[in-house]
Amino acid sequence: MKTIRAKLSLVIMGLSILASVAIFGVTQWVSGHMAETVLTREVVGAEQQLKATIASESRQALMLASLVAGDAGVQEKFAAGDRDGLAREFAASFSDLKTNFGVRQFEFHLPPPATSFLRVHKVEKSGDDLLGFRKTVVKINEAAKPVWGLEKGVAGIGNRGVVPVLKDGKHIGSVEFDLGFHEKFVASFTKESGYRLAVLRPSTGGYDVIGSTLPKTVAPKTLMGELTGEGSSVESGDFLIIRFSLNDYSGKPIAVALLANDQSAYHAIALTAKVTGIALSVLLFAVAGLILYFANRSVLRPLKGVAGEIVALVGGERDIEVQGTKRADEIGDMACAVDIFRVNAIDRERLEAEQSHSQKAREARQEGIEQLIETFRATSQELLSSVEESNSSLQSMATGLESVAASSAEQVSGAAEVSGEAAGNVQTVASAAEELSSSISEISN
């Protein structure tokens, strides 16, 4: 990891990996969060839609009961206790009510104590005491106000609407319509809303299934062992199954609904997000590879070439051709600088060669001069020695002549002249010897 290429490659790949992980993580988180949010809203919407459907049927039962209770003829017959007259009026049309409106029960009740006056759906049976199990009838007899909603009865849970019947302002009884809360309701809800549903009611043995449109592989009673709390959920295949309670007319839990939401669309969204994240990561890696390729081709490789040329120049190669001198970027500037260095190196070597040649010539000339000086010095020494010997001889002769002059007065004049001439010659030779010795010293220097 010593080269710039390796370091730059590591940085680019590291950044691309980091960005890829970030993009993949963000896309997964966003898609998961969005899917979870939408799924939660859909589950809440489905729950509200189920409860709204139940309430709508309750109001429909209330409306039918109100229409019957407001009929003057009904009031007359009910007040007169004309059970047969009421039966003749409604028994024939009950089949149409059952078919068109889903009516399961149509009854008339007497005031307190709560007693069945007429079962239009079952004319032969009447007079039952409802006090122990029909709380809606008991309540309407107490307050003389309409009551509607789910209620548990002998035949199961009913979705009822109960309205008081008044005659001249006097409470004479009540009318009830029950649209039922059974398998048909569950199937109808699934058909209209698209949500699979199972409704269970508590029993002594646990729970009884009122109706179910859940997949055949899903057993509602088995799910109740897994879904132990309000709002709990469990996944089964492509379905997310939510548990929540259904309340009766008084607001108390009366049944449990298991609502299945198909998650296949959300799984598809999650898969699409995953594929998109992978595709973006691959694209990012490809872009990083292209950037690395471009950097290698445009920067790193030329930079390595310039470095190699510098190494070659330092190694003594001068016949190389510097590449990239025509580039307009920093690498071009470096190449131009290397080329200038190459030219300067060639000029410097040429100058060094010329200086070396001149130095050798100067050394040769100096050697010749020194040889001449040595020869001249030797010759001068020989001449000086000869002069000094001659000077010594002349001095001896002068001394002898002076001795002769002293002993022979007659010859003084002639000897004196000869002696003076000899002394002058000796002095001249001595001066010449000194000048020669000085000249030799100067020449040596």
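What share of the contacts in the protein between residues at least 6 apart in sequence join residues at least 24 apart? With contact taken as heavy atoms within 4.5 Å, the share is 55%.

The model is predicted, so local features need pLDDT of at least 70 and side-chain atom pairs count only at pLDDT 80 or more, whereas totals for chains, interfaces and linings use all residues. Residues are numbered from 1 along each chain as its sequence is written, and side-chain values use heavy atoms, with hydrogens and water left out.

Buried residues (under 20% relative accessible area, 1.4 Å probe, protein chains only) make up 34% of the 445 residues in the protein.

Two nonpolar cores, that is, sets of buried Ala, Val, Leu, Ile, Met, Phe, Trp, Tyr and Cys residues joined through side-chain atoms within 4.5 Å, are summarised here.

| Core | Size | Members, including |
|---|---|---|
| Largest | 25 residues | V68, L86, F90, F106, F108, V175 and F177 |
| Second, separate | 23 residues | V43, I157, L240 and A255 |

The residues listed for the largest core touch the most other members, and its largest share, six residues, comes from α1. Not counting residues up to four places away in sequence, F177 touches residues that include A61, L64, V68, L97 and F106.

S245 lies in strand β9 (residues 239-247), strands being DSSP runs of E with at least two residues, numbered from the N terminus. S245 is buried, with a relative accessible area of 18%, and its side chain makes a polar contact with the side chain of E230 at 2.8 Å; such a contact is a pair of N or O atoms within 3.5 Å, one able to donate a hydrogen and the other to accept it, and residues adjacent in sequence count only if both atoms are side-chain atoms. Leaving aside neighbours within four places in sequence, S245 is in contact with K51, E230, P253 and A255.

Technical notes. Buried means under 20% relative accessible area, exposed over 50%, partly exposed in between (1.4 Å probe, protein chains only). Helices (H or I, at least four residues) and strands (E, at least two) are DSSP runs, numbered from the N terminus.
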